[in-house]
Amino acid sequence: MSTADTPSASAGRKRVDVRRNEQKLLDAAAAVFVRLGIDAPVRKIAAESGLGMGTIYRHFPTRAELVVAVFRHQVDALAAAVDAAPTADTPYEALRQWVHRFADFLVTKHGLAEALHSDQAGFESLHNEFVERLMPVLDQLLKASAAAGYTRSDVRAYDFMLAIGNLCIGVENFPDYQARRMIDLLLAGLAQTAPAATGEEPEQRRR
């Protein structure tokens, strides 16, 4: 029997497959929740992920478990994003991309309290967890953008995070509300000389 055929090797491959399927499922659920809310049918998540509904229920027997898992999955991704290989051309664009991802995450957070029902202590614990992990990330992005001359240096991460959250509230009540457009206007207001929403450099840096 080769090493590849041993029971331990087979178990290892199975664990890798399980983790891969769970990550695929969480990515798909997050995307569906952003589009349709946390009450989206499980079949939509199954179609998005390419996995069977039975697989989803094996991983997450209840919707509350799924929502909490997606919440933590999104926090992990946002916390790691600042250390990942940069895809943005400027610190300003890196800040903008992260803030848009954070806005998508808030859709799940808004549904978290509903999913947890009366578990107020559990909701508060998760809320504190996300603030503690993501506040330093946003602060780092704001400072990098300010140091490069793109945005003001007197913006507190906590204030900015609250502003983003408030701009996202309208999504729940107004179907045509464009949260990302409002967030881009907020970001432009922070600029030393406001860059375009596409991430174009401020005029003073092109001279």
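Contact here means heavy atoms within 4.5 Å, and the legends below use the word in that sense for what is a predicted model.

View 1. Leaving aside its neighbours within four places in sequence, K24 is in contact with S49 and L51. K24 and G50 are 26 residues apart in sequence, and their C-alpha atoms are 8.5 Å apart in space. With a relative accessible area of 38%, K24 is partly exposed, because that value falls between the limits of under 20% for buried and over 50% for exposed.

**View 2. The largest nonpolar core**. This core has 55 residues, and the members that touch the most other members are W98, F102, F105, L134, L138 and F160. Two or more residues each come from helix 1 (7–36), helix 2 (42–49), helix 4 (63–81), helix 5 (91–116), helix 6 (120–147), helix 7 (157–168) and helix 8 (179–190). Helix 5 gives the most to this core, contributing 11 residues.

**View 3. The aromatic pair of F71 and F105**. The structure holds seven aromatic pairs, and the one formed by F71 and F105 is tilted, with 5.2 Å from centre to centre and 45° between the planes. Because F71 lies in helix 4 and F105 in helix 5, the pair ties together parts that are 34 residues apart in sequence. F71 is buried at a relative accessible area of 1%, and F105 also counts as buried, at 1% relative accessibility. Beyond its neighbours within four places in sequence, F105 is in contact with F71, Q74, V75, L78, F130 and L134. One aromatic cluster is formed by F71, W98, F102, F105 and F130.

**View 4. The packing of helix 6 and helix 7**. Two packed helices are described by the angle between their axes and the distance between the axes. For helix 6 and helix 7 the angle is about 105°, and the axes are 9 Å apart, which means that helix 6 is roughly perpendicular to helix 7. From helix 6, the residues F130, L134, M135, L138, D139 and L142 meet A157, Y158, F160 and M161 of helix 7. The residues of this contact divide into nine nonpolar, no polar and one charged.

View 5. S145 is buried, with a relative accessible area of 0%. When its neighbours within four places in sequence are left aside, S145 is in contact with P91, Y92, L95, Y150 and T151.

How values were computed
Residues are numbered from 1 along each chain as its sequence is written. This is a predicted model: local features need pLDDT of at least 70, side-chain atom pairs count only at pLDDT 80 or more; totals for chains, interfaces and linings use all residues. Side-chain values use heavy atoms; hydrogens and water are left out. A nonpolar core is a set of buried Ala, Val, Leu, Ile, Met, Phe, Trp, Tyr and Cys residues joined through side-chain atoms within 4.5 Å. Buried means under 20% relative accessible area, exposed over 50%, partly exposed in between (1.4 Å probe, protein chains only). Helices (H or I, at least four residues) and strands (E, at least two) are DSSP runs, numbered from the N terminus. Axes are lines fitted to C-alpha atoms, for helices over the stretch in contact, and angles run from 0 to 180 degrees between N-to-C directions. Angles under 35 degrees count as roughly parallel, over 145 as roughly antiparallel, 65 to 115 as roughly perpendicular and the rest as oblique. Ala, Val, Leu, Ile, Met, Phe, Trp, Tyr, Cys and Pro count as nonpolar, Asp, Glu, Lys and Arg as charged, and the others, Gly among them, as polar. Rings of Phe, Tyr and Trp (its six-membered ring) pair if their centres lie within 6.5 Å; planes under 30 degrees apart count as stacked, over 60 as edge-to-face and the rest as tilted.
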